[in-house]
Amino acid sequence: MNFDQVDLIIRDCTILPLANMEIINDGLIAIKDGKISYVGKVVNAPEMTAENVLESQGKLAMPGLINCHTHLAMTLFRGLAEDITLERWLNETIWPLEAKLKPQDVYIGALLGCLEMIKNGITCFADMYFFEPEVAEAVKKAGLRAVLASAIIEAGDFEKGRKMLKEAVGFAKRYQGYADGRITALLGPHTAFTCSEELLARVREEASKTDLGIHIHIAESKEMAMNIRKERQLSEVEFLEKISFLEDDVLAAHCIHLDEKDIAILVKKGVKVAHNPVANMKLAQGIAKIKELIDAGITVGLGTDGAASNNSLDMFESMKIAAILQKTNYKDPTVLPARKILEMATIKGAEALGLEDQIGSLEVGKKADIILVDLSKPNLTPLHELYANLVYSAHGYDVDSTIVDGKILMENREVKTFNEKEVMEHAQNTAFNLLKR
Ligand SMILES: [Zn+2]
């Protein structure tokens, strides 16, 4: 007998492949060399043997969730600056604490973030922060996939900006393809306020020269948007277009304060958007016009933002809030139906990160980034409509197993790649020590 030998089989599950494919009942997924080699009905599967088999009755296999915007190590600041304005949040708590951060703190905070994401079924995330090599090491240890950018903040200090850009380019060159190819590197200028026109022009030049994408915050704060208009008689987006910064390699977080002209510019330039409804609502920055962005043809992914402004890294929560916020905003319950939201959290997120050929749906040849959701839960019973249950009733803790590159990072809610308790203890101590410094 000559059976196909694969590495992992997930069998007898329901499969939600997404990307225009329908739900498969009594399904089987086979994984070989980190990629999906079969997805379909058990009865149609070729004979094969596997090193490892996950019997998955009562579970749903779906693409791992993609978190398009976070600052992972900010898990250390969770619950520290609550119920205050964005300006005070930044000036009084976050920036003074960030000034005290050491590389090891970022590693611990990032590992805690990886733990929370694995537990919540997030398999890939886009991060922008300081000491990014430490984040890369945490990602390597955790086994996740990530798109990392070393943050560039100038804040009036031109020399500092130049130095941070140089470091960011160095980081990108060194870590592109790191951790068995699971890490992609981008450049991360913070905003059009904290970086000067000259620095932004240099970032664009480097990005185009080295073929690196850019991750930036755009139109998050209304106050800052008003300042830029006063100063330049242009909107933030118009200003960025004027200096030729915007291209289709730009991932723009937030994009709340846009008018029709701004949206037209983002469409023309092919800019991708990361929508972070929970952080936007919590810091009361406004409601992004996601329906209009999508209708205009812009790729919109979903993000949590950092745990200091969310305060969790649960994309199931973000999916529900994204959906109901847009419905409320437009006073129209038909806006952003459940399936569309699921796509934002998976295949559209992959598109926003430029990884749609590799991840975001369960298809033969794609990387095996898969989560199993336990459907035998009170909050998921009865199961009339899978999309609705996933978006409106499921939580991160309904995720049973998390798989990246065909490797099981969590099985039956037990994380395999590192010791959960140790990471949490370490993070708790690090966060408390940071406050004492
Ligand atoms: Zn952010």
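Two strands are taken as paired if DSSP finds at least two bridges between them. Helices (H or I, at least four residues) and strands (E, at least two) are DSSP runs, numbered from the N terminus. The model is a predicted one, in which local features need pLDDT of at least 70 and side-chain atom pairs count only at pLDDT 80 or more, whereas totals for chains, interfaces and linings use all residues. Residues are numbered from 1 along each chain as its sequence is written.

The chain contains 16 helices and 17 strands. Its C-alpha trace spans about 70 × 45 × 45 Å along the principal axes. The radius of gyration, taken over C-alpha atoms, is compared with a globule rule of 2.2 Å times the number of residues to the power 0.38; for 437 residues a compact globule would have a value near 22 Å, and the 21 Å of the chain agrees with this. Of the 437 residues, 54% are buried, a residue being buried if 20 or more other C-beta atoms, placed from the backbone, lie within 10 Å of its own. Contacts are assigned to two residues if their C-beta atoms, placed from the backbone, lie within 7 Å. Among contacts with a separation of 6 or more, 73% involve residues 24 or more positions apart.

The domain assignment, which is of automatic or database origin, gives domain 1 (4-63 + 368-415) and domain 2 (65-352). The C-alpha centres of domain 1 and domain 2 lie 29 Å apart, and 21 residues of domain 1 are in contact with 26 residues of domain 2. On the side of domain 1 that touches domain 2, two or more residues each come from helix 15 (386-393), strand 15 (399-404) and strand 16 (407-411). Helix 15 gives the most, with 5 residues.

Within helix 15, Leu386, Asn389, Leu390 and Val391 are buried. The buried residues of helix 15 pack against helix 12 (315-330) and helix 13 (338-344).

Strand 15 is mostly covered, with 6 of its 6 residues buried. Strand 14 (residues 370-374) runs antiparallel to strand 15 and is joined to it by 4 bridges; isoleucine 370 has isoleucine 403 of strand 15 as its bridge partner. Strand 15 and strand 16 are likewise antiparallel, with 3 bridges between them, and methionine 410 in strand 16 is the bridge partner of threonine 402. These two strands form a hairpin with 2 residues between them, and aspartate 405 in the turn has a positive phi of about 55°.

How values were computed:
A residue is buried if 20 or more other C-beta atoms lie within 10 Å of its own, exposed if 12 or fewer, and partly exposed in between; C-beta atoms are placed from the backbone.
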